[in-house]
Every structure is written in structure tokens, then in C-alpha cells.
Protein chains: 2
Amino acid sequence: MPDNFVVTPWRVEGEIDYDRLTEQFGTTKLTDELLDRLRKIAGEDHFMLRRRIFFSHRDLNMILDSHESGKGFFLYTGRGPSGHTHIGHLIPWVFAKWLQDRFGANMYFQLTDDEKFYSQNNMTLDETRGFAYENALDFVALGFDPAKTSIVIDTEDISTLYPLAAQVAKKLNFSNMKAVFGFTNETNIGMIFYTSLQSAPCFLEDKPVLIPLGVDQDPHFRLTRDVAPKLGRPKPALLHNIMVPALGGPGGKMSGSSGGAIYTTDDPGTVKKKINKYAFSGGKADVEEHRKLGGDPEVDVSYQYLRIFFEPDDARLRKIHDEYRSGSLLTGELKGILIEKINTFLARHQEARERAKDRMGEFRLAKN
Amino acid sequence: MPDNFVVTPWRVEGEIDYDRLTEQFGTTKLTDELLDRLRKIAGEDHFMLRRRIFFSHRDLNMILDSHESGKGFFLYTGRGPSGHTHIGHLIPWVFAKWLQDRFGANMYFQLTDDEKFYSQNNMTLDETRGFAYENALDFVALGFDPAKTSIVIDTEDISTLYPLAAQVAKKLNFSNMKAVFGFTNETNIGMIFYTSLQSAPCFLEDKPVLIPLGVDQDPHFRLTRDVAPKLGRPKPALLHNIMVPALGGPGGKMSGSSGGAIYTTDDPGTVKKKINKYAFSGGKADVEEHRKLGGDPEVDVSYQYLRIFFEPDDARLRKIHDEYRSGSLLTGELKGILIEKINTFLARHQEARERAKDRMGEFRLAKN
């Protein structure tokens with residue numbers, strides 16, 4: 001039976017079966033044993049690991065080995081700046097911040113303004129570069145250590161990236177790109193070349209790199225991993241997070257282009273309206289039935305947002321889960337909890353985002 | 001009947017029929033009328049035009065129109081730094097220098113270290129970049145005006161080139177590259193992308209550009225010309241020179257990789273040895289027969305080098321031609337004339353090349 005979902009860097013559709021995706025992509029599911037090892041070394045757990053928001057990896061053991069050997073590792077993740085940041089984008093960034101804190105690792109954050117220019121028919125390079133700056137503010141607002149963190153904007157830091165990208169590009173051919181991305185003869189040559197630029201930051205330091213990222217980005221690094229040994233470099237290690245569901249419910253990921261995303265720049269009223277109006281409910285048709293039969297937290301988008309991001313406390317999340325399941329918590333009440341959580345987060349985030357405007361210089365790659 | 005020659009940016013083989021090539025490529029042969037117009041505007045002629053060393057063009061009239069309208073134009077040519085400069089490379093550079101002098105035009109000289117890295121299996125980027133510097137010395141030695149001339153090294157000036165290249169790359173697809181270059185699924189993605197970087201300097205100024213270049217480079221700019229109107233920019237105009245024949249005779253072009261090239265760094269003894277030993281002769285098997293039947297200057301490499309580069313004086317060239325044709329000038333004597341000419345040129349050139357080592361900074365694009 002063919003899978004009824006699609007996950008590529010440019011398209012996520014259907015209800016994703018993450019077990020099947022793990023098989024399809026050839027990644028490895030995170031085991032309790034590996035997470036035990038990570039927790040012991042980090043000194044604490046992270047709810048995104050416990051809850052398998054990060055559910056899969058490549059070579060995480062190698063990264064922990066490198067850390068324990070004293071060689072260490074560095075972190076890298078990124079964002080394709082096709083619009084404002086929404087809360088789905090923050091998952092790997094927040095997690096990377098935790099990794100930086102626990103491991104003292106250097107961090108590179110790549111903004112792929114060129115990629116979004118190549119992939120979006122209707123966007124100019126000035127527009128994608130403008131969003132790169134907007135997205136960078138959200139990244140800085142999360143509290144990364146400027147002494148250990150560099151923001152890389154493709155078109156502006158190309159002099160650092162291109163010589164590294166060239167090494168990768170020489171080892172990849174059009175067959176490779178067709179096989180991994182389904183490119184055709186009509187694909188533009190910017191897109192064809194682009195993976196080599198997304199690979200470049202993997203080679204910025206002479207250490208292994210760990211990349212926390214949405215699983216849709218895995219195909220780029222599958223290619224990087226094939227090339228790395230040919231360049232005498234370690235393969236990049238990956239930690240994959242699930243796609244944050246769209247407000248409208250299961251199927252696809254939260255996306256500006258498909259509508260219904262919560263942006264980091266939304267004001268409290270907007271958040272309230274979006275959640276109340278659009279957040280897909282796992283509840284029953286009316287209150288009476290809901291009280292009797294209970295709701296389904298597995299498909300309820302508000303519950304999922306709490307699980308994925310906004311309620312780190314397991315006991316409180318469990319309570320919400322059980323009450324919704326039993327029917328004692330109504331959909332409107334559940335939405336109210338989420339709205340409160342999001343707006344509390346955004347109030348602080350938006351303040352930090354304002355302060356970030358004066359601090360961008362501290363985070364530019366060129367400072368190195 | 002299939003043509004028994006091949007001309008691409010990476011391969012020149014067989015005895016080129018330039019009339020057929022002009023048809024194949026869809027370029028326009030230079031007419032006496034157009035050269036009259038050019039001469040009137042420039043105030044003088046150039047032997048490379050009179051002798052049709054530059055034999056074909058695209059849109060040269062448009063460039064002259066732009067000059068006469070006061071808008072002007074700028075110049076651009078380049079070099080793929082896969083080895084030391086040989087005298088074949090100097091043709092478009094020397095001619096560009098004349099154009100700069102006559103028209104006061106700005107000049108950009110691109111060194112495509114990335115392209116040669118992508119196209120040569122056995123070269124590293126450090127090696128091609130090293131040759132880029134070596135080749136740049138020869139360029140500077142020709143006497144360009146530093147106030148009007150910029151040297152562009154792809155990997156070092158990529159921050160200027162890449163945003164322009166991206167505009168081109170978005171408008172070209174793999175079909176285009178296959179059609180023009182015969183690329184296959186096994187072609188590396190650096191090569192596939194590369195044409196967009198060779199196109200980029202065409203858009204460095206808000207004026208039309210004129211590119212004097214070896215005709216083997218035409219295919220890149222055929223693509224650039226297709227894209228330019230889509231970017232709202234004028235099509236680059238081209239002036240094509242013939243390929244300088246290899247020392248070993250007709251068929252192919254002078255090339256370091258196929259052996260038998262005269263390098264700008266050769267000492268007088270080396271030049272003498274190479275010409276005497278390798279320069280293909282149009283003479284007869286022995287002196288007696290040569291005196292009786294005469295030689296064939298059309299296939300004689302020494303005569304051709306004089307015609308193409310080393311004897312700008314038409315009357316003297318005609319005398320050499322006629323005497324060789326008649327048999328009164330022997331092959332050894334003809335070679336002696338060429339050796340003398342080359343070594344006189346190189347003595348001056350090598351001095352200027354030494355001085356250029358301290359002057360490179362004046363010519364870097366970054367100065368702008």
C-alpha cells in the first residue's frame with residue numbers, strides 16, 4: 001500500500017506515519033537506552049525528547065562519543081526565510097538552545113534566503129533576505145550565547161560558505177538530486193546546486209556537527225552524509241523533530257503558505273481568535289456528548305501544541321490529557337489553556353525580540 | 001555530413017570550420033561594413049579585426065549604438081585558471097586592452113577558479129586559486145588602467161557575484177544546460193550551476209556589456225542572452241576570436257592539457273626549443289623540394305602565430321607569407337622569425353609581470 005503522506009524539504013502533505021517515515025528515510029528511532037545516555041551526560045532530560053517530539057536520529061551516539069572524548073561537537077540548524085517565524089519553526093531552535101546550554105557547544109544558524117528565492121516563484125531575493133532578518137530576531141530572542149553563536153545568511157556570508165559548498169558540489173551529480181528530491185529537467189539550477197550550500201555549515205569547524213531539525217530537511221543531509229567521508233570529514237549527525245501540525249488539524253505541517261499559523265509577531269487578540277476559530281478540535285459535536293464520551297487529545301491541535309511546545313510539565317500535561325479524554329475538560333476550556341500559554345510565551349518573546357534588534361551584530365558570522 | 005570538430009567550453013577538437021561553427025552556434029560573421037563602423041568610431045583599426053582573428057559577433061551594433069548614444073558600455077572577459085597562461089589566452093585580453101584604450105570602457109576580468117575545480121577531476125580549489133593569481137599577473141602586465149579595471153576571482157568575490165548569479169540561476173533549468181552543454185545525469189552540480197556565475201559579471205553595471213572571448217565560450221553567454229531580457233537587462237554582446245592552434249598543428253586549440261603550449265613564463269631557450277621541435281610546419285620534406293614547390297602558410301603554425309598575434313604589421317606579414325609560399329623562406333627561417341618575435345614580446349611581458357606582483361591590489365574588485 002503506498003503511503004498517503006509526502007515529506008520533502010518543500011512539501012509536507014497528508015497524515016504522517018512517523019514509523020513509516022523512519023523506514024522510508026532510513027533513520028533510526030530514538031531508543032530509551034540512547035536517551036538515558038544523553039540524559040546522564042547532559043545532567044537533565046528535555047521534554048521534547050521524553051515525548052518524542054524529537055523521535056529519530058542519525059549518529060547521535062557518535063556525537064556523545066565525541067563529547068566524552070573531549071573533542072566535542074558543534075550545533076547547526078536553520079530556517080528557509082519565506083515568511084515570518086511561526087511557532088513550528090521554534091522547535092529545533094529551542095531545543096538547540098538547550099543543547100548549547102548543556103554541552104557548551106558552538107551554534108550556527110543558517111538563513112537560506114537563496115533557497116527560498118529559488119523555490120518560491122513569486123519571491124524576490126530582497127524579500128527573502130528581509131525575512132531572513134525578521135527570522136533572525138526570533139532566533140536571537142531565544143537567548144543563545146553570542147560568544148558561541150553565529151547567524152549565517154546565505155547571500156551575505158556566501159564568501160565563507162561557497163568554497164565549502166564547492167567541495168560538496170563536486171561530489172554530487174544530477175542523478176543524486178533526482179533520486180533524493182525528485183527533481184526534473186525543469187528544476188532550476190539554483191535549486192539543483194542549493195543542497196551544497198545547506199551542507200556547507202557542516203564543515204565550518206573541525207569537529208562533528210549535530211543538527212536538530214524538522215525531519216522534512218533530512219534529505220539534504222542524507223546527501224551531505226554520503227559526501228562527507230569523500231572529503232575526509234565526519235558525517236553530520238541529526239536529531240529529527242516531528243512536523244508541528246497545522247492549526248486546521250492533522251495532515252501537513254504548520255505553514256505560512258497553507259494558512260493558519262501562529263506567528264511570533266501575533267498579538268494576544270490574534271492568537272485568541274486563531275486558536276478559537278481554527279484550532280482543530282478532538283472534542284465531540286456538543287457539550288452533552290463530550291461530557292459523556294470525552295475528547296480525543298491525539299487529534300486535538302490545542303492539546304498537541306501543549307504537548308509539543310507549551311506545557312513542559314509532564315504532570316500538568318497528563319492532567320489535561322486525562323480530563324479531556326474523560327470529557328470533564330471541554331474544547332473551549334482546553335483552547336483557553338493554550339491561548340494563555342501562547343500569549344504568556346509571546347509576551348516575553350516579543351520583548352526579547354525587540355531587544356534583539358540592537359544585538360544582531362553580536363551574532364553575525366563575519367565577527368569570527 | 002557530420003562536422004568533424006567539436007567546440008565546447010571544455011573541449012575543442014578537430015579542424016574547426018569557422019563558417020560551419022558560426023552556423024552551428026547561430027552567431028553572425030563580422031562584415032566589412034560593421035568593421036568600417038567600428039573603425040570610424042574607434043579612430044583606428046586593429047589587425048585582429050582586419051585578419052578576422054575576431055571573426056564573429058553577437059550584437060556588436062547594439063554596443064556601438066550605446067556608445068554613440070552616450071550611455072556607453074563596459075568590457076568583460078575571463079580565464080579558467082587550470083594552469084599557467086599561454087599565448088593563446090592573451091588574444092582576447094590584448095584586444096580588450098585596445099577596446100579599453102579606444103572607448104574608455106570599464107573592464108572586468110573574471111578568473112573562474114571554481115569552474116576549473118568543478119571540471120578538472122584532479123585539481124583542488126587551492127590549486128585553481130593559485131593559478132588564478134598567476135594568470136592575473138599576466139592580465140595586469142598587459143597595461144590595463146587600474147582606475148577602470150577590476151579582477152574578479154570567483155571564490156574570493158563571490159559575495160558580489162552570487163546574488164547576481166542567483167537571478168540567472170532561477171531562470172535556467174537542467175534542460176537548458178543539457179541542450180547547450182550536453183550535460184548528463186552524471187554531471188556534478190557545481191558544473192550545472194556554474195554558467196550562472198559566468199553570467200554574473202554581465203550585470204555588474206547598468207550598461208550593455210561587450211565580451212571579447214574565444215568562441216568556445218559562446219555557449220555560456222547564449223544562455224545568459226536568453227535570460228537577460230527576463231531580468232530586464234540588455235543581452236551581453238560578444239566578439240568571438242578563433243582558437244589559437246596547438247603547436248603540433250591544426251586540430252584543437254593551444255592547450256596546456258594537450259601539451260605543446262608556449263607559456264608566458266617560458267624562457268628564451270625554452271621558446272626556441274619548443275618552436276623548433278614542435279611547431280607544425282607547412283614546409284616540404286627537404287630544402288630542395290621546398291625551394292621548388294614552396295610551403296603552405298595556411299597550415300604552418302609558425303606563420304599562423306605571426307598572423308594571429310606576433311606580427312601586427314600587414315606588409316611584413318604579407319612578405320613572410322609570399323616568401324614562404326614561394327619557397328624562398330625556409331621553415332627553419334620562418335621559425336627563427338617567430339622565435340625572435342615571441343622572445344621580444346616575452347622579455348617585456350615578463351618584466352611587466354614582475355612589476356604586476358606589487359600592483360594586484362589596485363585591480364581587485366573589492367576596491368570598488
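Student: At what angle do the axes of helix H15 and helix H16 of chain A cross?

Tutor: This is a predicted model. In it, H15 (residues 314-326) and H16 (residues 331-356) of chain A cross at roughly 160 degrees, and their axes come within 10 Å. Angles over 145 degrees count as roughly antiparallel, so H15(A) is roughly antiparallel to H16(A).

Student: Which residues make that contact?

Tutor: H15(A) supplies Arg316(A), Ile320(A) and Tyr324(A). H16(A) supplies Thr331(A), Leu334(A), Ile337(A) and Lys341(A). By class, the contact of H15(A) with H16(A) has four nonpolar residues, one polar and two charged.

Student: What is the hand of the crossing where H15(A) passes H16(A)?

Tutor: H15(A) passes H16(A) in a left-handed crossing.

Student: Now take H9 and H11 of chain A. Where do they lie in the chain, and at what angle do they cross?

Tutor: H9 covers residues 174-181 of chain A, and H11 covers residues 218-227. Their axes come within 10 Å and cross at roughly 145 degrees. The crossing of H9(A) and H11(A) is right-handed.

Student: Which residues of H9(A) and H11(A) make the contact?

Tutor: From H9(A), they are Asn176(A), Met177(A), Val180(A) and Phe181(A). From H11(A), they are Pro219(A), His220(A) and Leu223(A). Five residues of this H9(A)-H11(A) contact are nonpolar and two are polar, with no charged residues.

Student: Let's move to chain B. At what angle do helix H8 and helix H10 of chain B cross?

Tutor: Roughly 115 degrees. The axes of H8 (residues 158-169) and H10 (residues 189-199) of chain B come within 8 Å. Angles of 65 to 115 degrees count as roughly perpendicular, and H8(B) and H10(B) are therefore roughly perpendicular to each other. H8(B) passes H10(B) in a right-handed crossing.

Student: Which residues of H8(B) and H10(B) meet?

Tutor: Ile158(B), Leu161(B), Tyr162(B), Ala165(B), Val168(B) and Ala169(B) of H8(B) meet Phe193(B), Ser196(B), Leu197(B) and Ser199(B) of H10(B). The contact of H8(B) with H10(B) divides into eight nonpolar and two polar residues, with no charged ones.

Student: Why do the copies meet through the same surface?

Tutor: Because 100% of the interface residues of chain B are also interface residues in chain A.

Key. Residues numbered from 1 in each chain as written. Chains lettered and ligands numbered in written order. Predicted model: local features only at pLDDT ≥ 70, side-chain atom pairs only at ≥ 80, totals over all residues. Heavy atoms only, no water. Axes fitted to C-alpha atoms, helices over the stretch in contact; angles between N-to-C directions. Helix = DSSP H or I, 4+ residues; strand = E, 2+ residues; numbered from the N terminus. Parallel < 35°, antiparallel > 145°, perpendicular 65-115°, else oblique. Left-handed = near helix turned anticlockwise from the far one by under 90°. Contact = heavy atoms within 4.5 Å. Nonpolar A, V, L, I, M, F, W, Y, C, P; charged D, E, K, R; others polar.
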